[in-house]
Amino acid sequence: MIENRRSDRVAVLIQRELSDIIQRELNDPRVGFCTVSQVEMSSDLRYADVKVSVIGNKKQKRATMIGLKSATGFLRREVGQRMGLRYAPELRFTLDRSA
């Protein structure tokens, strides 16, 4: 129960930090207008499944996902530094198709 609440808190913080980093610091032209809609943490906090909502056509969505996946190392490092986590979680991006 306590682990579940901690993973929820970490997920919210990662969502906030990732949104900020993508908006302000990621300078990849492939990444269009996207928002981090949801983050789900694994029970051991080693993996973060990040759902991203992208505005645009299929080509723009695909380019944004490719850009985010290529920037995963940078994003992981930035999240780890900002949050002061012992282990920065591995970020796994998926397209949020619910919108």
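A salt bridge is counted here where a side-chain nitrogen of Lys or Arg lies within 4 Å of a carboxyl oxygen of Asp or Glu. Under this definition, Glu25 forms a salt bridge with Arg82, with the closest N and O atoms 2.5 Å apart. Glu25 belongs to the loop between H1 and strand S1 (34–41), while Arg82 belongs to helix H3 (residues 72–83), so the pair ties together parts that are 57 residues apart in sequence.

The structure is a predicted model, in which local features need pLDDT of at least 70 and side-chain atom pairs count only at pLDDT 80 or more, whereas totals for chains, interfaces and linings use all residues. Residues are numbered from 1 along each chain as its sequence is written, and side-chain values use heavy atoms, with hydrogens and water left out.

**Overall architecture**

Helices (H or I, at least four residues) and strands (E, at least two) are DSSP runs, numbered from the N terminus. The chain has three helices and three strands, and along the sequence these follow the pattern α-β-β-α-α-β. The radius of gyration of the chain is 13 Å, close to the 13 Å that the globule rule gives for 99 residues, so the chain is as compact as a globular protein of that length. This radius is taken over C-alpha atoms, and the globule rule is 2.2 Å times the number of residues to the power 0.38. Along the principal axes, the C-alpha atoms fill a box of roughly 40 × 25 × 15 Å.

A residue is termed buried under 20% relative accessible area, exposed over 50%, and partly exposed in between (1.4 Å probe, protein chains only). Of the 99 residues in the chain, 35% are buried. The accessible surface of the chain, computed by the Shrake-Rupley method with a 1.4 Å probe, comes to about 6,600 Å², and carbon and sulfur atoms hold 47% of this surface. A contact means heavy atoms within 4.5 Å. Among the contacts in the chain with a separation of 6 or more, 63% are between residues 24 or more positions apart.

**Charges and salt bridges**

Lys and Arg count as positive and Asp and Glu as negative, while His and the chain ends are not counted. The chain has 19 positive and 12 negative charges, and their mean positions are 4 Å apart. Side chains of opposite charge can pair when their charged atoms come close. The count of salt bridges comes to six, and the table presents some of them.

| Acidic residue | Basic residue | N to O distance |
| Asp20 | Arg24 | 2.4 Å |
| Glu25 | Arg82 | 2.5 Å |
| Asp49 | Arg92 | 2.8 Å |

Asp20 and Arg24 are four residues apart in helix H1 (residues 2–24), and are thus separated by about one helical turn. Asp20 is partly exposed at 23% relative accessibility, whereas Arg24 is exposed with a relative accessible area of 63%. In the second pair, Glu25 is partly exposed at 33% relative accessibility, and Arg82 is also partly exposed, with a relative accessible area of 30%.

The salt bridge between Asp49 and Arg92 links distant parts of the chain: Asp49 is in strand S2 (residues 47–54) and Arg92 is in strand S3 (residues 90–95), 43 residues apart. Asp49 counts as partly exposed at 32% relative accessibility, and Arg92 counts as partly exposed with a relative accessible area of 36%. Salt bridges that share partners join Glu17, Asp20, Arg24, Glu25 and Arg82 into one network.

Glu78, in helix H3, is buried yet has no salt bridge; its nearest side chain of opposite charge is Arg82, 4.2 Å away. When neighbours within four places in sequence are left aside, Glu78 is in contact with Ile21 and Glu25.

**Two further residues**

Leu45 lies in the loop between S1 and S2. Leu45 has a positive phi of about 60 degrees, although it is not a glycine. At 15% relative accessibility, Leu45 counts as buried.

Thr35 is a residue of strand S1 and is partly exposed at 37% relative accessibility. Leaving aside neighbours within four places in sequence, the contacts of Thr35 are with Lys51, Val52 and Ser53. Thr35 and Ile55 are 20 residues apart along the chain, and their C-alpha atoms are separated by 8.8 Å.

How values were computed:
Charge placed at Lys NZ, Arg CZ, Asp CG, Glu CD.
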